[in-house]
Each structure stands twice: as structure tokens, then as C-alpha cells.
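Colleague: I am new to this structure. Please walk me through how to read it.

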Amino acid sequence: MPVLSVDIPVLETERLVLREPRADDMPAFAAFAASDRARFVGGADPSPHAAWDGLRGMLGHWLLRGFGWWTAEDRERFEERTKALIDQ
């Protein structure tokens, strides 16, 4: 069975890291999708299923089109998570 993969670039600024969406982003993504702020990007839907579909769609867009949405993460938090992964 062929494996599909894509290299999603990581963009870094002084304060932020823009990175690929990940499965562990789901709780924060679901909270955003259920919030009033989501109306600016397609509408609010409080169901976890709709949030999961949105996250899958973001990843699928990268795979099928070669570009898409990033997840913004505070640089300090990103560095803490990266160190934790390396230290495992």
C-alpha cells in the first residue's frame, strides 16, 4: 500500500511558530470551532465530530494541494513541547 506524505513547512517569528495541524490540537480546535469566533472562518458548530472533520480537512488540504492552514503556537510553548519530545 502506498504511503502518502507531505512536507509542511514551519514558519517561525520572534513570538510565534506556525506549524502543521496535529491530532493533539483537537481539544483547542474543538473549543475554537464551538466558539462565536468561528463564524469568521465558516461558522460555529459545537459538535466534536464537526471539529474533527475540520481538522482532518486542514491536513487533507496540505496533502492534496500542497498548501493549507497552519496552527499558530506561542514560541515558548513550542520549545517546551519540542524539548519534552526530545527528552523522551
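Colleague: What covers the buried residues of α2?

Modeller: First, the ground rules. This is a predicted model, where local features need pLDDT of at least 70, side-chain atom pairs count only at pLDDT 80 or more, and totals for chains, interfaces and linings use all residues. Residues are numbered from 1 along each chain as its sequence is written, and side-chain values use heavy atoms, with hydrogens and water left out. Buried means under 20% relative accessible area (1.4 Å probe, protein chains only). Contact means heavy atoms within 4.5 Å. Here, the cover over the buried residues of α2 includes α1 (26–33).

Colleague: Which residues of α2 are buried?

Modeller: They are A51, L55, M58 and W62.

Colleague: How many residues does helix α2 have, and what does it reach from first C-alpha to last?

Modeller: Helices are DSSP runs of H or I, at least four residues; strands are runs of E, at least two; both are numbered from the N terminus. The expected span is 1.5 Å times one less than the number of residues. Helix α2 (residues 48–65) has 18 residues and reaches 25 Å, close to the expected 26 Å. G66 follows α2, with a positive phi near 85°.

Colleague: What pattern does the protein chain follow along the sequence?

Modeller: The order is β-β-α-α-β-α. That gives three helices and three strands.

Definitions and conventions. Buried < 20%, exposed > 50% of the residue type's maximum accessible area, 1.4 Å probe, protein only.
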